[in-house]
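Dear colleague,

Please find the structure below, together with its sequence.

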Amino acid sequence: MRDRNAVLSKLRQRGWRITPQRLAIIEFLEGNTNHPSALEIFQALKPLYPSLSPTTVYSTLHVLKELGEVVEISGGTEGNRYDPNVHPHANLIC
């Protein structure tokens with residue numbers, strides 16, 4: 001993921017409002033090397049943002065993927081995971 005301001009600018013250009021919940025998702029992903037799932041993001045942020053819904057997490061991840069700001073990694077039976085490092089690198093599953 002590039003710097004936060006560039007990402008926010010891209011979202012605004014696409015007509016997305018920058019809500020506190022969406023900003024929290026972006027901040028959660030920034031520099032995150034754990035490749036979190038949508039569920040993990042939701043569970044981590046829900047206590048801080050009680051109005052956060054799984055739909056907001058999934059839709060935000062979807063648009064970030066379309067914008068090239070995250071890479072979706074197929075997690076097999078564990079579901080998809082999201083990597084904010086969009087530069088070519090290996091992701092190994094043990």
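**Findings**

Among contacts (heavy atoms within 4.5 Å) in the protein between residues at least 6 apart in sequence, 48% join residues at least 24 apart. Please note that this is a predicted model, in which local features need pLDDT of at least 70 and side-chain atom pairs count only at pLDDT 80 or more, while totals for chains, interfaces and linings use all residues. Residues are numbered from 1 along each chain as its sequence is written, and side-chain values use heavy atoms, with hydrogens and water left out.

The protein has four helices and two strands, in the order α-α-α-α-β-β along the sequence. Helices (H or I, at least four residues) and strands (E, at least two) are DSSP runs, numbered from the N terminus. Of the 94 residues, 34% are buried; buried means under 20% relative accessible area, exposed over 50%, and partly exposed in between, with a 1.4 Å probe and protein chains only.

Helix 4 covers residues 54–66. Its 13 residues should span 18 Å at 1.5 Å a residue, and its end C-alpha atoms are 18 Å apart, which agrees; the expected span is 1.5 Å times one less than the number of residues. The buried residues of helix 4 are Thr56, Val57, Thr60, Leu61, Val63 and Leu64. They fall within an arc of 165° seen down the axis, so they line one face of the helix; the arc is that of the directions from the helix axis to the C-beta atoms. Thr55 and Tyr58 are exposed on the other side of helix 4. Helix 1, helix 2, helix 3 and strand 2 are among the elements that cover the buried residues of helix 4.

In helix 3 (residues 38–45), Ala38, Ile41, Phe42 and Leu45 are buried. These residues cover an arc of only 100° around the axis, which puts them on the same side of helix 3.

The largest nonpolar core has 20 residues, of which Leu29 and Val57 touch the most other members. Such a core is a set of buried Ala, Val, Leu, Ile, Met, Phe, Trp, Tyr and Cys residues joined through side-chain atoms within 4.5 Å. Leaving aside neighbours within four places in sequence, Val57 is in contact with Ile25, Ala38, Ile41, Phe42 and Leu52.

Finally, arginine 14 lies in the loop between helix 1 and helix 2 and, at 44% relative accessibility, counts as partly exposed. Beyond its neighbours within four places in sequence, arginine 14 is in contact with Val63, Glu66 and Leu67.

With kind regards
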